[in-house]
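Hello,

Here is the structure for your files. My notes on the contents follow below.

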Amino acid sequence: MDTLGIHSQFARAQQLIHWRRYKEALQELEQILRTEPENPDAMALIANVWLLQDEYDKALHWAAMALRNEPDHPLAWYVRVGAFYETGRDEAFDEAVEQALRIDPEEAHYYFLKANRENKRGKFREARALLDEALRLRPDSPLYLAMASYTEALAGRFAESEELERRALPSSVEEPYALLYLSWAARTRGHFDRQEAYMRNAVRLNPEDKQIRDEYLEALQHASRLYRLFLWPVHQLRRLKPW
């Protein structure tokens, strides 16, 4: 197959990935490898397809194959970072993300993932600094703005959290994970009505995601508890009044 044909197959594979037709994308990429068995771009893209399907062992296997042929392949390192993060392999993540940043210091998502780690450790100032770096690279990202809102809420800076929420909202309406972070920020601030609204929209956009479904159920439970604690007694009291 000539170079133009391979480029066409890569383009088809990327379009299929965009459509979430992963099985067909893998078939396209496997055809490229039959022609060019050592092609690191095809191997790295196969790794990314497996990462998107939460098949972390397969993703790491193909990323390693790509890195054997091209040790500084950016996508292969991106897959390694993502797989180690999702599987909670903290030491491997720390090593991989520093190597990945050496290769591609302008990849904003690495700073986002590092900020998530710092939030889990309760290091909100460090997380905010990392998010500032991510936002420097992608200032209009609804995901990064939403996470910054959540980080400020965790630190008790509610006014700053709400300002970041306002900045994130216009472009987050079609981003389920941005809505997820906005819901966490709202919950932390005690705005349970907003938490439920954000999660209702997130589950509408991505009903197959288990985390989003679970968070929506939790938001509904919060709303239900608030109803029972505050609204239900008021309704009952009104029923006892003579007017």
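Leucine 29 touches Phe10, Ala13, Ala42, Leu45, Ile46 and Val49, leaving aside residues up to four places away in sequence; a contact here means heavy atoms within 4.5 Å. Leu29 is also among the residues with the most contacts inside the largest nonpolar core, together with Val81, Phe112 and Tyr181. That core has 75 residues, and its largest share, 9 residues, comes from helix α3 (residues 40–52). A nonpolar core is a set of buried Ala, Val, Leu, Ile, Met, Phe, Trp, Tyr and Cys residues joined through side-chain atoms within 4.5 Å, where buried means under 20% relative accessible area with a 1.4 Å probe, protein chains only.

This is a predicted model, in which local features need pLDDT of at least 70 and side-chain atom pairs count only at pLDDT 80 or more, while totals for chains, interfaces and linings use all residues. Residues are numbered from 1 along each chain as its sequence is written, and side-chain values use heavy atoms, with hydrogens and water left out.

The protein has 13 helices and 0 strands (DSSP runs, H or I of at least four residues for helices, E of at least two for strands, numbered from the N terminus). Buried residues make up 44% of its 243 residues.

Tyrosine 150 in helix α9 and tryptophan 184 in helix α11 are 34 residues apart in the chain. Tyrosine 150 is buried at 15% relative accessible area, as is tryptophan 184 at 12%.

Regards

Methods. Buried means under 20% relative accessible area, exposed over 50%, partly exposed in between (1.4 Å probe, protein chains only).
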